[in-house]
Amino acid sequence: MSFEIDRAWMLTFGTDIGPCGIMDEIGLHTVLGIEKVYRQASGDPADAPPAFLEAMVAAGKLGVASGEGFYRHPDPAYRQPGFLARED
């Protein structure tokens, strides 16, 4: 699903990277930390981090830092020729 999200984003906004790729570069553990702080500040249970993000971090899938997150690194799919034209 991250491929479809990033493709749509990149095609719509003309960027070189989509939101899932950005989160991989920031580090999914960092994104999770931000989500937890946001949830605490809002006080709204609906603002809790998504379960899939917690599961990815628990599994050690941190993005660039661990070599795998939404993509495999150091050569993520969104950097490959033809990424925007492919259907995965």
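**View 1. Packing of helix α3 against helix α4 in a predicted model.** Helix α3 (residues 28–42) packs with helix α4 (residues 51–58) at an angle of about 135 degrees, and their axes lie 9 Å apart. Axes are lines fitted to C-alpha atoms over the stretch in contact, with angles running from 0 to 180 degrees between N-to-C directions. The two helices are therefore oblique to each other, the class left after under 35 degrees (roughly parallel), over 145 (roughly antiparallel) and 65 to 115 (roughly perpendicular).

**View 2. Residues where α3 meets α4.** Leu28, His29, Val31, Leu32, Glu35 and Lys36 of α3 are in contact (heavy atoms within 4.5 Å) with Leu53, Glu54, Met56 and Val57 of α4. By class, this contact holds six nonpolar, one polar and three charged residues.

View 3. Leaving aside residues up to four places away in sequence, Ser2 touches Cys20, Phe70 and Tyr71.

**View 4. The chain as a whole.** The chain has four helices and zero strands, taken as DSSP runs of at least four residues (H or I) and at least two (E) respectively. Of its 88 residues, 31% count as buried. The C-alpha atoms fill a box of roughly 45 × 25 × 20 Å along the principal axes.

Residues are numbered from 1 along each chain as its sequence is written. In this predicted model, local features need pLDDT of at least 70, side-chain atom pairs count only at pLDDT 80 or more, and totals for chains, interfaces and linings use all residues, while side-chain values use heavy atoms, without hydrogens and water.

Methods:
Ala, Val, Leu, Ile, Met, Phe, Trp, Tyr, Cys and Pro count as nonpolar, Asp, Glu, Lys and Arg as charged, and the others, Gly among them, as polar. Buried means under 20% relative accessible area, exposed over 50%, partly exposed in between (1.4 Å probe, protein chains only).
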